[in-house]
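My entries follow in the order in which I checked them.

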Amino acid sequence: MPSTVLVLGATSRVGSHFVAHPPAGWSVVTAGRTDPRSRGLTVDSHASLDLSDEAAVRGFLRGAKADACVNFAARTDVDGCEKERSDPSAARPTGLPGSAWTLNAELPRWVAEEEERAGRFFVHISTDYVFDGAHGPYPEATPPSPPSEKVSWYGVTKGIGESAVFSSKGPRSVLRISHPYGNPSPGRTDLALTLLAQRREDRLHPLYVDQRITPTWIPDVSTALAAILDLSSTRIYHVASPEVTSPYGFAKALFASRGWRTDDLRTASLASQARDPARAARPVLGGLLVREVHKLDVRPRSFREGIRELLDVEGVPFSPAAVRAR
Ligand SMILES: NC(=O)c1ccc[n+]([C@@H]2O[C@H](COP(=O)([O-])OP(=O)(O)OC[C@H]3O[C@@H](n4cnc5c(N)ncnc54)[C@H](OP(=O)(O)O)[C@@H]3O)[C@@H](O)[C@H]2O)c1
């Protein structure tokens, strides 16, 4: 009999890869707002569920038949989340809670409490944006930074969510990722697809040279999850590029892989630019150090390896001569 994993957020850019490539010996059931079968994904069953409704989530989880649960659901638009912030140093909303608070801070706690009650293994997906970017890349044991104007509201709410999961007494794990790319999915973009589109359409912004990032190749998340689920391993894990880069470094490698020009890229400094109040803070020295997943024999790809594989994912042969030099 295969074990069953319940996936929340199955239609997400990261979770849809896991659902499409479930671990050997596991079947997938899902719950959420959108039926993943409407996106061409195959699952054993789907339950319609508004994940921002506490009573509905708790009621559903109490009746759920599964051996483990993975939560990819979140509010992820960082600048959109920022609009829900009321006070930069507050750890809770001072006004009406918005969807960032509900999905990123509250939902993980509801699920962790119900999974603890059920004795079911729970893996929660989190982000390097829980850190203030003072000295990244960060090792797994680093706790989320306290709320401040250096941490976006997205990061604050995700930090509260992962802390709630980790402090649960049930079997649970937190898996942090950083700038995921490599799973082109309808209606969703990512770091690589955004840069490619902006370059093609001649609307590329100046690229930060001083922001440390460790982009995550999405298929590596599915590989790591398979190992974590098989062992019910209860630690904090990072899946990210072992080679640190910057948005400029990533873009340069990406465009070069297609034979495009890179000598005309404009650069900028995240640390020294005056912050646009309409944009949320981003960690300057961000990114994730990867150590724990190595113990599970999982070796996340460097961003250069991911970029080479992206050409295959997109169905574009790796032939610089085949792409137009700009
Ligand atoms: N994107 C990034 O750059 C990034 C970076 C680091 C970490 N992460 C983390 O990785 C995980 C996955 O992120 P992602 O970018 O793949 O997510 P995403 O593409 O933005 O998808 C979000 C998911 O949450 C679901 N959802 C949102 N509100 C819901 C509601 N009220 N009821 C039911 N479902 C709801 C969405 O369902 P619908 O399809 O119905 O909208 C979707 O499946 C998250 O934990 C995120 O914080 C993301």
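I began with burial, taking buried to mean under 20% relative accessible area, exposed over 50% and partly exposed in between (1.4 Å probe, protein chains only). The model is predicted, so I kept in mind that local features need pLDDT of at least 70 and side-chain atom pairs count only at pLDDT 80 or more, while totals for chains, interfaces and linings use all residues. Residues are numbered from 1 along each chain as its sequence is written, and side-chain values use heavy atoms, with hydrogens and water left out.

Entry 1, helix H8. Helices (H or I, at least four residues) and strands (E, at least two) are DSSP runs, numbered from the N terminus. I found Pro 247, Gly 249, Phe 250, Ala 251, Ala 253, Leu 254, Phe 255 and Ser 257 buried in H8. Because eight of the 11 residues of H8 (residues 247-257) are buried, this helix is largely enclosed by the rest of the structure. Just after H8, I noted that Gly 259 has a positive phi of about 75°.

Entry 2, the sheet. I counted two strands as paired if DSSP finds at least two bridges between them. Seven strands make an open sheet with parallel pairing, in the order E3-E2-E1-E4-E5-E6-E8. Strand E3 (45-48) and strand E8 (236-239) are the edges, each pairing on one side only. From one strand to the next the twist averages 20°, where axes are lines fitted to C-alpha atoms, for helices over the stretch in contact, and angles run from 0 to 180 degrees between N-to-C directions.

Strand E5 (residues 121-127) is joined by six bridges to strand E6 (residues 172-177), and Val 123 stands opposite Ser 173 in E6. Four bridges join E6 to E8, with Val 174 opposite Ile 236 in E8. I then asked which residues of E8 are buried on each side. Ile 236 and His 238 are buried on one side, and Tyr 237 and Val 239 on the other, which leaves both faces of E8 covered.

The axes of helix H2 (residues 54-63) and helix H4 (residues 99-118) come within 10 Å and cross at roughly 25°. That makes H2 roughly parallel to H4, a label for angles under 35 degrees, with over 145 being roughly antiparallel, 65 to 115 roughly perpendicular and the rest oblique. Contact means heavy atoms within 4.5 Å, and among the residues making this one are Glu 54 and Arg 58 of H2 and Trp 110 and Glu 114 of H4.
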